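Dear colleague,

Please find below the structure that I am handing over to you. My notes on what was found in it follow directly after it.

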Amino acid sequence: MKLAGLKSKENAHEESIWAATWVPATESRPALLLTGSLDETVRLWRSDELELQVTNTGHCLGVVSVAAHPSGVIAASASLDSFVRVFDVDTNATISTLEAPPSEVWKMQFDPKGTILAVAGGGSLSIKLWDTATWKLVATLSVPRPEGSNKPADRSGSSKFVLSVAWSPDGKRLACGSMDGTISIFDVARAKFLHHLEGHFMPVRSLAYSPVDPRVLFTASDDTHIHIYDAEGKSMIGAMSGHASWVLSLDVSPDGAAVASGSSDRTVRLWDLNMRAAVQTMSNHTDQVWAVAFRPPGGTGVRAGRLASVSDDKSISLYDYS
């Protein structure tokens, strides 16, 4: 497996780019790259040319997260203004605006069937679940304090601040990462907390399940490590290190064979999961890499894999993955 630089887009936004995801292909168009920035805009890009398709405005503070519905028809953007804007990808029409108290909207992800949008609830110490048919809040999954925790007590609860969220590929489990490094696993159907996964002691800003094994969870932390967990068995089954600073983002390749990560050490790394080691380091960016995203398979005539990364340097890098 190998990454090869395809294209970079300098000054893709006017400020730092904090979020990126792929909007899946539909029958009428290929997959698009969706980016969100501190400049308060969301932009859609045609894949290999990185040609700007549309700029969405509507937030009055920086965009911290973007998510795409599995159908490729709708997407969502979350901002520091405490609103989540849900919009039609092709027309940019606003479908719904979800409101939350300040600092309660962070990373978010649609479930694999597209029926629920899960939002990491920041200072609410919870994950909020929104029904995508009605756009009503249908559940709040609260993160309990770990029993016998030796982590420093924090009366304000800020240590439990929920930063990141990920669905298992079968849609049965939700994982979330917190400011103190705790990872919490929930049974979604029963809206029930199951257990914590221990091992990180610094913020977990990104996590993702393997697309080929609903038990396997990958987590990225400010402690510079990537952990691999059996999320059902509550055990850590691997750890990978190599970044010189915080690991801000990760994504798993569609074939489940590799992980890509972005770091405040300004690099993107590709990790071979058989070797449990970094096989490549890409140094395209000149500042922190806030998001990495593999393009989902699908679309007419699409054979090659793609990885995108975005950074505080305002640029997007696109890589061929083979």
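The model is a predicted one, in which local features need pLDDT of at least 70 and side-chain atom pairs count only at pLDDT 80 or more, while totals for chains, interfaces and linings use all residues. Residues are numbered from 1 along each chain as its sequence is written, and side-chain values use heavy atoms, with hydrogens and water left out.

**The chain as a whole**

The chain contains 0 helices and 28 strands; helices (H or I, at least four residues) and strands (E, at least two) are DSSP runs, numbered from the N terminus. Its radius of gyration is 18 Å, close to the 20 Å that the globule rule gives for 322 residues, so the chain is as compact as a globular protein of that length. This radius is taken over C-alpha atoms, and the globule rule is 2.2 Å times the number of residues to the power 0.38. Along its principal axes, the C-alpha trace spans about 50 × 45 × 35 Å.

Of the 322 residues, 58% are buried. Buried means under 20% relative accessible area, exposed means over 50%, and partly exposed lies in between (1.4 Å probe, protein chains only). Among the contacts (heavy atoms within 4.5 Å) with a separation of 6 or more, 46% come from residues 24 or more positions apart.

Two of the annotated spans may be described further. Residues 10-55 are 0% helix and 50% strand, with end C-alpha atoms 16 Å apart. For residues 56-97, the figures are 0% helix, 55% strand and 14 Å.

**Salt bridges**

How many salt bridges does a search of the whole structure find? The search finds 11, a salt bridge being a side-chain nitrogen of Lys or Arg within 4 Å of a carboxyl oxygen of Asp or Glu. One of them joins Glu49 to Arg46, with the closest N and O atoms 3.9 Å apart. Glu49 is partly exposed at 41% relative accessible area, and Arg46 is partly exposed at 30%.

Another pairs Arg190 with Asp187 at 2.9 Å between the closest N and O atoms. Here Arg190 is exposed, at 53%, whereas Asp187 is buried, at 9%.

A further salt bridge links Arg205 and Asp222, whose closest N and O atoms are 2.7 Å apart. This pair connects distant parts of the chain, 17 residues apart: Arg205 is in strand β18 (residues 204-209), and Asp222 is in the loop between β19 (216-221) and β20 (225-230). Both Arg205 and Asp222 are buried. Elsewhere, salt bridges that share partners join Arg173, Asp187, Arg190 and Glu232 into one network.

**The surroundings of Asp39**

Asp39 is found in the loop between β3 (32-37) and β4 (42-46) and counts as buried, at 13% relative accessibility. Leaving aside neighbours within four places in sequence, Asp39 is in contact with His13, Glu14 and Glu15. The side chain of Asp39 makes a polar contact with the side chain of His13 (3.1 Å). A polar contact is a pair of N or O atoms within 3.5 Å; within protein, one must be able to donate a hydrogen and the other to accept it, and residues adjacent in sequence count only if both atoms are side-chain atoms. A polar atom of the Asp39 side chain also lies 2.9 Å from the backbone nitrogen of Glu14.

Yours sincerely
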